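Please take a moment with the sequence and the structure that follow, and keep both in view while reading. The paragraphs below go through one chain, then its contact with another chain, and then a further chain.

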Amino acid sequence: MHSKQSKWLWACALLVYGFLYLPLLIVVVYSFNDSRLNAEWVGFTTHWYGVLFSDEQMLTAARNSLLIGLVSSIFATFFGTLAGLSMYKYRLRLLPVLVLTPIAIPEILMALSLLMFFVTLNFSMGYLSITVAHIAFSIGFVAIVVRSRLQGMDESLVEAARDLGASPLQAFWRVTFPLILPGIIAGALMAFTLSIDDFVITYFVAGAGASTLPLQIYSMLKIAVTPEVNAISSLLMLLTLALIMIAAKLAPGALRASH
Amino acid sequence: MALLEIRDVVKRFGDFTAVNHVSLSVEAGEFFTLLGPSGCGKTTLLRMLAGFEQPDSGELLLDGKSLNGVPPEKRPVHTVFQSYALFPHMTVQQNVAFPLKMAGVAPDQIKARVAEVLEDVRLQQFATRMPSELSGGQRQRVAIARALVNRPRVLLLDEPLSALDAKLREQMQLELINLQKEVGITFIYVTHDQGEALALSHRIAVMSQGQVEQLDAPENIYSYPKSRFVADFIGQCNLLDATIRSVSAERMQIEIEGVGTLDTLPVAGATVGQKGTLALRPEKIKLGASVATGNADEVHFKGKVHDCLYLGDVTVYIVELENGMLIETMLPNAAPGRARFFDDNDQVELAWRFDAGHFVLA
Amino acid sequence: MSISTSKRVSKWLISGPPLLYLLIFFAIPTGMMALAAFRFPGDYGGLMPLFGTDAATGKTTLLINAQNWHDYITLDNFARFFQEPVFIELFIKSFCYAGLTTLLCLVLSYPLAWLIARSPKKWRDLLVLLVILPFWSNFLIRVYAWMIILGPQGYFAKVVNGFLGMFGVEPLQFLFTPFAVVLVLVYVHLPFMVLPLYANLEKHDMALLDAAQDLGASRWQRFWKVTWPLSLPGVYAGAALVFIPALGIFAVPDLVGGTDGIMIGNLIKQQFLDSRDWPFGSVLSIMLTLSVLIMAGLMSLLGRGGKRNAL
């Protein structure tokens, strides 16, 4: 490659990376800004973190988000792993459509249909409806990661296990399962992250009174923003970063396979 | 009674008939090879023996007992896979112990048996390594050790040497022959490499389009191919289409269009007027600047060198006869310092004895 | 139990639970929404009920029958969509925003994807991860970041307006404008374009470019005649991945768009949560779904055609 051309490309790339990261950096930096306004840098403070940790509403929302994330990711991982296995092994027509469409369509469509569904059935809107909805949209992500893990596995391994005396169930638990486990864990972490981050679907199916972190952040963005939002945002980014690092360690390629 | 019997087995995948009415039997202690081009049905047949596929009709019998409907794990038949299929999350030791564990062998016995079989394949110092830390040849040996450790009645080998380089392949061929002699287990070996099949096997079944074309000892397959396909598939061969003109007890006269009539050995069932192919191996043809004429047992042609292929140990010469036909011959480069005897367009003569070729009825 | 029965049992043990879950919580709600588009709104929002409970007996009965179905099923909602130009106009506007977003994403992503694909193998995964990482941070945070940057008191507005002021131009507002909507849409969707482009460009055989150069093609020709046509499947895949979610976006225009910047998603939300007109909201949703399906079909068709041309 010509060095001149390469320099240009690097400059472009650097600009794009800057475009991607600078805004997030600003959020973090302003979380330490000693001013109510997110406008000018005044001075360093950890005041907003103090505000955050004494904000009962925010802390309750955080607890709710973590709990919903935990429960929904467990179920989504269970259903998603089965769906991934089924999509890999059996040629069902309907399942891939049901698994993949929620990922492909705009979120608002799923959010509204679930809203109508819950209201029509007199399903009480709240944490249960949020969890149910989160499971529904996370299944696909887990299924894709698990399926790509299965596709990357040498098919003759299971045959070898059978050939050497393992029953189908033994072959699954001793060979298939340990080999796709990193994919399952990565899928679970993804489902957890998706649940914690979800705003649109949660917003529509939450009903009155339920609160999660994104809902809490949204209402602050709409009504009154203080750098407390920066503080919680920075902490959320840290959490997400940690989860992503674990997932990337366990299943390299899993993150890319999700798109 | 044969150890293994395949009776009129058919296997279809949709419209494609992979195995078409195959019957054969394999004796105990035999090194038996299924040879053929890809898609000929050899792998499907092997997979049916292992139990991964069920025949659509026909029967597989082991020791006289039907294998139909018996799942892979219940068959005393183990497979060495083309990809080796070593479990990547287990050490060499754990891989080899797997079939023993599945069979419910006591842990202390497992340890002893694994150590023993790893010694047989000279891998005892690699026992705690992961498969990813082994070379291709070592992985191959682990796969064989794992398949042999609980002494199956039959060992199936699916192109096990195809992933190795040429040098290692030759070495592994020798090891396989010795191993088979040592353990005395029946080997059924699938390959598309005719050289490998000739070198290893007691008997070879040459397959094409789902059927067995010829089943015989390697030397018979090579010297007396039963069909044009076998002659063409095994080694290099001149295939000359001809018509039978006369048949007697010792000789048969055939006419090759554009070349003339010549003598060859008679074949069973030959009648005057039948068409067929004379299969003539390059090494059976005499080639020289001048070849003595007048021998009643030989046919004699003049021609010129059309192409030369220098292969090191031998040089292959494609000779164009005066009537335009191309004949492949070869000369060993045995003389010191000699690499080539002829160049392109050199005038040469060639001859072959009446019993040099083998006539294949169409 | 025979082999084939136990195989069938395990097939349904594996496929059954996710199938059932998604049927109940995805397929049925989607079907309900599709049907709602043909119904009348209820007196107090929502839908006009199809079942009625008799106050005296407490029995629930189906109200709709062969004679009165006209009172329950209608095409009026669709007619309204086509008769009032404001809705079509909003759709066209949303298409423009999403299309512009897609184009900008493509222009920004192409050099980056090319560079990652050509960088040393050991770096590639890291460079790709760096593109994905911001995507995994909370969506609202990423929008919020731009609210800070574009805010009227922010450095960006001050610098730009200061510069414009030197030429006597009135100060501009950046936040709560269509400009902010497209900018933030580009920001949140950029990884969706980079990834498929990179996946495509990574597979290109560099020898092709050497061959083209060897045969006398200039750098410009090499790009337009070799790299670009071969990358078209990646371009179309990326375009679909950006355009579709961008078209249906709700939170971005809601937070940074102001009144001028609203899109289909905001209108749908309005119908469901504010006007409580579910049937018309469902019509809008169906129109959005159709748009999405058409775009997805078009992109996959183009992508396949591109692949065929490339071979």
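Two residues are said to be in contact if their C-beta atoms, placed from the backbone, lie within 7 Å. With that in hand, the contacts in chain A with a separation of 6 or more can be examined, and 78% of them are accounted for by residues 24 or more positions apart. This is a predicted model, in which local features need pLDDT of at least 70 and side-chain atom pairs count only at pLDDT 80 or more, while totals for chains, interfaces and linings use all residues. Residues are numbered from 1 along each chain as its sequence is written, and chains are lettered from A and ligands numbered from 1 in the order in which they are written.

Chain A contains 12 helices and 0 strands, where helices (H or I, at least four residues) and strands (E, at least two) are DSSP runs, numbered from the N terminus. Its C-alpha atoms fill a box of roughly 70 × 65 × 30 Å, taken along the principal axes. Of the 259 residues of chain A, 49% count as buried; a residue is buried if 20 or more other C-beta atoms lie within 10 Å of its own, exposed if 12 or fewer, and partly exposed in between, with C-beta atoms placed from the backbone.

What does the UniProt record place on this chain? An unreviewed UniProt entry places the feature "domain: ABC transmembrane type-1" at residues 62-247 of chain A, and over these residues the chain is 82% helix and 0% strand, with the end C-alpha atoms 22 Å apart. UniProt positions are given in the numbering used here, feature names are shortened, and annotations may be inferred rather than shown by experiment. The unreviewed entry also places the feature "transmembrane region" at several spans of chain A, including residues 7-32 and 97-119. Residues 7-32 of chain A are 92% helix and 0% strand, and their end C-alpha atoms lie 36 Å apart, whereas residues 97-119 of chain A are 91% helix and 0% strand, with end C-alpha atoms 25 Å apart.

Two packed helices are described by the angle between their axes and the distance between the axes. Helix α3 (residues 56-89) and helix α10 (residues 213-222) of chain A pack at an angle of about 145°, with their axes 7 Å apart; here axes are lines fitted to C-alpha atoms, for helices over the stretch in contact, and angles run from 0 to 180 degrees between N-to-C directions. On the side of α3(A), the contact is made by Q57(A), M58(A), A61(A), A62(A) and S65(A), and on the side of α10(A) by L213(A), L215(A) and Q216(A). By class, this contact has 5 nonpolar, 3 polar and no charged residues, where Ala, Val, Leu, Ile, Met, Phe, Trp, Tyr, Cys and Pro count as nonpolar, Asp, Glu, Lys and Arg as charged, and the others, Gly among them, as polar.

Chain A also meets chain C, with 64 residues of chain A in contact with 72 residues of chain C. The largest share of the side of chain A that touches chain C, 13 residues, comes from helix α1 (residues 3-30) of chain A. The residues of that side divide into 54 nonpolar, 8 polar and 2 charged.

In chain B, the domain assignment gives domain 1 (4-229) and domain 2 (237-361), the bounds coming from an automatic or database domain assignment. The centres of these two domains of chain B, taken over C-alpha atoms, are separated by 39 Å, and their contact takes 6 residues from domain 1 and 5 residues from domain 2.

Chain B also has an open sheet of 5 strands in the order β13-β12-β11-β14-β20, with antiparallel pairing; two strands pair if DSSP finds at least two bridges between them. Because β13 (260-264) and β20 (358-361) of chain B stand at the edges, each with a single partner strand, one side of each is left without a neighbour in the sheet. The twist averages 45° from one strand to the next.

Within this sheet, strand β11 (residues 238-247) and strand β12 (residues 252-256) of chain B pair in the antiparallel sense over 5 bridges, and they form a hairpin with 4 residues between them. The bridge partner of A242(B) in β12(B) is I256(B), while that of I244(B) is I254(B). β12(B) is also joined by 5 bridges to β13(B), and the two run antiparallel; they form a hairpin with 3 residues between them, where G258(B) in the turn has a positive phi of about 85°.
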